[in-house]
Amino acid sequence: MSSWLRPVLPWLGVSIFLSLFFLYPLARILWLGLNTAALKILDHASLLLAFHSFLFTFYQAALSTLLTLVLGLPAAFLFVRYDFQGKSLLRVLTAIPFMLPTVVVAAGFNALLGPRGWVNLGLMDLFHLQSAPVSIIGTLGVILLAHVFYNTTIVIRLVGNALSHLDPCLEQAARTLGAAPPRVLTHVTLPLLRPSILAASILVFIFDFTSFGVILLLGGPGFSTLEVEIYKQAMQIFNLPLAGLLSLIQLLCTLAFSILYSRIVSRNAVTSAPRAAGTNLRKACTFRQKFFLGGMVLLLLGLFLLPLVSLPLRSLTRLEADRGQRGQVSYGITGDYYTELFINRSDSIFYVPPFEAIGNSLGYAAVTVILSLALGFPVASALARPRRLERLLDPILMLPLGASAVTLGLGFIVTFNRPPMALVTSPLLVPLAHTLIALPFVIRSLQPALASIPDRLRQAAASLGASPRRVWFAVDWPIVARATISAAVFAFTVSLGEFGATSLVVRPEYPTMPIAIARFLSQPGGMNYGQAMAMATVLMVVCGIGILLIERLRLPGAGEF
Amino acid sequence: MKHILLIALLLTAILLSACSPKGPVMLTIMTHDSFSARESVITAFEQANNVKVVFLKSGDAGAALNKAILSKDSPLADVFYGVDNTFLSRALDAGIYEPYASPLLAKIPAEFQLDPQNHALPVDYGDICINYDKAYFTAHNLPVPATLEDLAKPEYSGLLVVENPATSSPGLGFLLATVKYFGPDGYLDYWRSLRANGVVVVDGWETAYYTNFSASSGHGPQPLVVTYDTSPAAEVIYASTPLTDAPTASILGPDTCFRQIEFVGILKGTRQLDLAQKFVDYMLGQQFQEDIPLQMFMYPVNSDASLPQEFTQYAQTASQPATFDLAVIAANRDKWIADWTAAVLH
C-alpha cells in the first residue's frame, strides 16, 4: 500500500457518504437559492430578520447549553460514581426524551405544566384560585426546560463515559498530597474531563442552535430561531434566497463551533489507563454523599419521570362526558385506545398495524446502527491519532447536525429525483438520513475512548509477539467496547425518534411510529388523541427496552471493562 | 479495510436498486400528509386499470407544493394532489401542471373551478370556521359569539385560540376571512383589538385544537378555536365514548368562515399521461368523492356524491364563506402575513 493512501483510507467511506448524501444535495439547493440573480431579492428587511433570528438562536442555545451542563455534569457523576437501586432504570429514563418526537414531548409538558395541566389544576384546587397560576407554555422558560429535558442524556453519556475511564490514581494522589475533595474536583477531575465536557457542550449547543419543533410547539409564534425562520421562508413564503441565506448562516456557525472545538480538544488530549467497570463505584455513606444522591435522584425523577409518565397515564384514561367545565374533569380508566390501534376503522389505505410500525421503526434503527458504526469506526480511530488530515477534516463531521433539515430535505428533492440516483422514492433514504444525524454522535462517543488507550499497552502487546490484529482484539477492543455500546444507543435513539427526514421521504408501505403518531394527531376526536398517546407510549416502551438490551449486551471479548 | 468494502458494497447495492426496473406499471401520486382514501377504493382503480398506485406523502400543503415545484424538471410523481386556493396561484405560476379538461368537470359547480385552463381541478372543499365548546357556553350562561366583532368584546376576553397564518393553513384561512370582512385597510385594527382582548396565537392546528381548545381531549383553557366546519362530525365519529350529539359546533355567521378548496393536477413530464388522466377522473368520480368526507373530513365537490349520515347530522357548512380571487391572494398573501405578524406578535 502506498504511503499517501494509508492515512486517507479510514476517511474513504465517510467522505463518499457525506459528499453524496450531504454536501452535494446541500450545495445544489443553496446554489439554487443563492445565485446572483436571486440575491437581489434580499433587501434591508430580510437582512434585519436574519440578524435578529441569529441573535435569538444564539442566545437561547447558549442559555440552554449552560443549564444542560448544570444538570448533566452532577448527573454524570451520580451514574458513574454511585451505586444505588434502580440506577439502570433511571439512566434509561434520562435517555428516553432524546428519541421522543416533539409532538409527544409537547403533549407531555402540556399535561404537566399547561394551563390545564396537573400542576395548575392542583394549585387551583389547593388555593381556590380562579385562573391558572403557572403559565410557562409559550415562554422562553419552557424552551429552555425542554432543551434540558432533551439533551441532558448527551452530557450524561459523553462525560460519564470519560469519567468511567479516568485513572483513579490521579485523584487518589491528589488526596494523598492533602487536597480537599472540592480541590481535587476543580484541579484534577474537571481538567481531565475537559475534552468530553467540551464535546458534550458543543453537541448540545448545536442541537439547541438548530432547534425547531420545541420552538414551534412549546415556545409558540413569539419565538423564532433560524431553523423556524428557514421553514417559514422556504415552505410557506417560498423565498428561497432568504431561506438559503439563513441556512448558510446556520451552517457557517456550526462550522465555526466545530473548528473551535477541535482546536481546544486537540490541545487537551489525555490518555488514561483502562479500568475494569465498577471499580470506583461506591455507596453513599456520609451525610453529604447521601444528600447529593437523594437530591439528584429526586431532581432527575421530577424532570424526566413526570412529563413522561403523563403520556402512559393519558393513554389509559378517558374523559367523561361533562368535559368543557373548567376545573371539573372526571376520568375513567380504559384500554380502548390500545385495542383501537389494531382496528382500521375507516379502512384507510394508510392505516398501519402497530406491530408493523414497530417493525419498520426497528428495521430503520438497525440499519442506522450498523451503517453509522461501520462508517464511524475507521474515522474515530483515525481521529484518535490526529495528523494534519484529521485536524482538517474533523470539523466537517459535525456539519450534518448544524445543517437545516428543511433545506437538506429540499436538497434531496432536487438531487435525488432523477436517475442514476432516483432515491427520493426509495425507503433506503430514511436510514441514510438517520445515519447523517447519528454519525457525529457515534464518532464523538468512540473517539475519546480510542484516544484514551495508552500507546505503551499496544507496544507491550506487540513486543510480546502479538500481531497487529491480535493487539487490536486484546488491547483496543476491550477498552472501546463500552463506548461502542454507547454509540450504538445514540444511533438507535436518533433513528427511532427521527421524524423530519422520515416524513420527508417515507412511503405508505413503511410508516414508522412517529409517522403514525403524527397521523393520529392530525384529525379531531378523542379516539385519535387517545391513540396518539397510546402509540407514543409504545414508542417509549420500545425505546426503553431497546436501550436496556443494548446496554446489557456483552460483546464477545469485551470482558468486564 | 473490511468496513470500507462493506460500505462500497452497500452503496453499490443502493444505486443498483434505484436503477433496476420495477415489475408492474406504477402510477405515483404526490400528496400532502393529510391525504387519505379507503383501501378498497384504491384497489378498485388498480384492478380496473392494471396498475399499482403509489402515494408519495410530501409534508404539509406548502411543503408538498414546494417540492413539486423544485422537482418539476424531473417530476417525482405523475399526479399532484393537495394544493389549495391559497397556494394555487404559486403552482400555476410555476407551470407544474399539464392541463386536462376532465369530462367530470360537468358535475362540479362552477364556483369551485378556479382555473379556467383546467391545469388544476377541484376535488374537495371545507370551511375554516371558529368552533365553540357547547358545554362551556351553557355552563357560563354566555351567548355564543355570532360575528367577528363579537370576538373583540370583553366577555370573550382570552377565550379564542388561533393559528399563526405564517405556519398553518387554517390560520391563513381565518386571516383571509378577516381581511375579506374588514377590508385590507381595516383588518389590522380588528386584530389589534383581538390582541388587546387576549387572543391566544399558537403555531399549528394540533396545538390549537389538542392543547388549547377546551372541548377536545386536551381540554385546554380556550372554548373557541379556529378549525374546520367538519370538526364537530369528527368529534362524534372518533369519540372515545359513543356520543349522541357533537360537543362542539361551528360559528357560521356571514364571512366568519373561509372556504378552502383543494385541487389535483397532472404533473408536466409524466410518462403516463393516459393513466394519470384516468386517475384524475377517478378522483372526481362518485366512488372516490363519496369516500372523501370520512377520510379527510372535507366535502366532495361532485354534486352527485351523497354525504354520510354523520356529516348531514353534525357538520354544517357556512352559507356565506369568504372567498377571494386567486390573483388577489397571490398578490397580497405575503404582505398580509408580514403585516399581521408585526401587529399581533411583535
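In this predicted model, helix 6 (residues 102–113) of chain A packs against helix 14 (residues 287–315) of chain A at an angle of about 95°, and their axes are 8 Å apart. Helix 6 of chain A is therefore roughly perpendicular to helix 14 of chain A, because angles of 65 to 115 degrees count as roughly perpendicular.

On the helix 6 side of this contact in chain A are V104(A), A107(A), G108(A), F109(A), A111(A) and L112(A). They meet L306(A), P307(A), L308(A), S310(A), L311(A) and R314(A) in helix 14 of chain A. By class, the residues of this contact between helix 6 and helix 14 of chain A comprise nine nonpolar, two polar and one charged.

Chain A also touches chain B. Their contact takes 67 residues from chain A and 71 residues from chain B. On the side of chain A that touches chain B, 38 residues are nonpolar, 20 are polar and nine are charged.

Chain B contains twelve helices and eleven strands. Its C-alpha atoms fill a box of roughly 65 × 55 × 45 Å along the principal axes. The radius of gyration of chain B is 22 Å, which agrees with a compact globule, because a globule of 346 residues would have a value near 20 Å. Of the 346 residues in chain B, 55% are buried. Among contacts in chain B between residues at least 6 apart in sequence, 75% join residues at least 24 apart.

Chain B is divided into two domains, domain 1 (21–125 + 261–307) and domain 2 (126–258 + 317–345). The C-alpha centres of domain 1 and domain 2 of chain B lie 28 Å apart. Where these domains meet, domain 1 of chain B gives twelve residues and domain 2 of chain B gives 14 residues. Helix 4 (88–94) and strand 5 (121–133) of chain B each supply at least two residues to the side of domain 1 of chain B that touches domain 2 of chain B. That side of domain 1 of chain B has seven nonpolar, three polar and two charged residues.

The table sets out the residue classes for the contacts described above.

| Contact of helix 6 of chain A with helix 14 of chain A | nine residues | two residues | one residue |

Key
Residues numbered from 1 in each chain as written. Chains lettered and ligands numbered in written order. Predicted model: local features only at pLDDT ≥ 70, side-chain atom pairs only at ≥ 80, totals over all residues. Axes fitted to C-alpha atoms, helices over the stretch in contact; angles between N-to-C directions. Helix = DSSP H or I, 4+ residues; strand = E, 2+ residues; numbered from the N terminus. Parallel < 35°, antiparallel > 145°, perpendicular 65-115°, else oblique. Contact = placed C-beta atoms within 7 Å. Nonpolar A, V, L, I, M, F, W, Y, C, P; charged D, E, K, R; others polar. Rg over C-alpha atoms; globule rule 2.2 N^0.38 Å. Buried ≥ 20, exposed ≤ 12 C-beta atoms within 10 Å, placed from the backbone. Domains from an automatic or database assignment.
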